[in-house]
Amino acid sequence: MTTPTVDVQQLRKAFGPTEVLHDVTFTVHEGEVVGILGPNGAGKTTTIECIVGAQRPTGGSVRVLSRTPHLDRGALRQLVGYQLQASVLPNALRVREVLEVFARLYRTPRDVSELMEETGLTSLARRFVGTLSGGQRQRLSTALALVGSPRVVVLDELTTGLDPQARLAMWELVERVRAGGITVLLVTHALDEVERLCDRVTVVLDGRTIFTGTPQEMRRLAASGSDERGSLQDAYVQLIERRGAVAEMGRK
């Protein structure tokens, strides 16, 4: 087995007296697309912040490309792309200008024109960022995550605000990214997106990993048998409800 591209082991994170991550564990290998699932407040964002080096873990370990993120942020900045669900972009710049500015921050940037074509931004090249719709900003944020030719890319709610045609185009982009050997962490609530794109999934609940495996394995676990024909959304809901009920019983 090769060394994981992303290796998270027994990750813990506390903010003052409040521990928000108790035990998050999963691995991601080169060229995989792994979905990070969980209800709002489950700890997904904090986990991702530890992976990209924005937060220092309280306990456990995180390794990305064999580096410790919070200690090697400079090196990993050249290797990891991060698309935020909500990002602050310079409203007074045009779309192409923003991409060109960000491209200069990397040693081996993507060709801006090519990337704009891939992400559906070519027709918006001269538009000011401040005039973009939410979906258009999302496409720009995704392009910024890819402009540095990363080896790992984190996509947070990739298709939020996009119409069906644009969602399909973004899914096809992720498939091309994976075909190029890039590792993708996909934070999402969209189970159809998981079904289409993810090799494996990790489910986080109350700051703990409650499942990691393939979508088919999640169906089997939720069904407590071998039936894989049920919907992935039903399997996910059952898994959350069962584990949540067990956790509540343990607290009583």
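Q: In which hand does helix 3 pass helix 5?
A: A crossing is right-handed if the near helix is turned clockwise from the far one by less than a right angle. In this predicted model, helix 3 passes helix 5 in a right-handed crossing.

Q: At what angle do helix 3 and helix 5 pack, and how far apart are their axes?
A: Helix 3 covers residues 95–103 and helix 5 covers residues 134–146. They pack at an angle of about 20 degrees. Their axes are 10 Å apart. Angles under 35 degrees count as roughly parallel, so helix 3 and helix 5 are roughly parallel to each other.

Q: Which residues make this contact between helix 3 and helix 5?
A: Helix 3 brings Val95, Val98, Leu99 and Phe102. Helix 5 brings Leu140, Ala143 and Leu144. Sorted by kind, the residues of this contact of helix 3 with helix 5 are seven nonpolar, no polar and no charged.

Q: How do the axes of helix 5 and helix 6 cross?
A: Helix 6 spans residues 164–179. Its axis and that of helix 5 come within 12 Å and cross at roughly 5 degrees. Helix 5 and helix 6 are therefore roughly parallel to each other.

Q: Which residues meet in helix 5 and helix 6?
A: From helix 5 come Arg139, Thr142 and Leu146. They meet Met170, Leu173 and Val177 in helix 6. The contact of helix 5 with helix 6 divides into four nonpolar residues, one polar and one charged.

Q: Where does the charged end of lysine 13 sit?
A: A charge sits over a ring only if it passes a distance limit, within 6 Å of the ring centre, and an angle limit. The charged end of lysine 13 sits over the ring of phenylalanine 15, 5.1 Å from its centre.

Methods. Residues numbered from 1 in each chain as written. Predicted model: local features only at pLDDT ≥ 70, side-chain atom pairs only at ≥ 80, totals over all residues. Heavy atoms only, no water. Lys NZ or Arg CZ within 6 Å of the ring centre and 35° of its normal. Axes fitted to C-alpha atoms, helices over the stretch in contact; angles between N-to-C directions. Helix = DSSP H or I, 4+ residues; strand = E, 2+ residues; numbered from the N terminus. Parallel < 35°, antiparallel > 145°, perpendicular 65-115°, else oblique. Contact = heavy atoms within 4.5 Å. Nonpolar A, V, L, I, M, F, W, Y, C, P; charged D, E, K, R; others polar.
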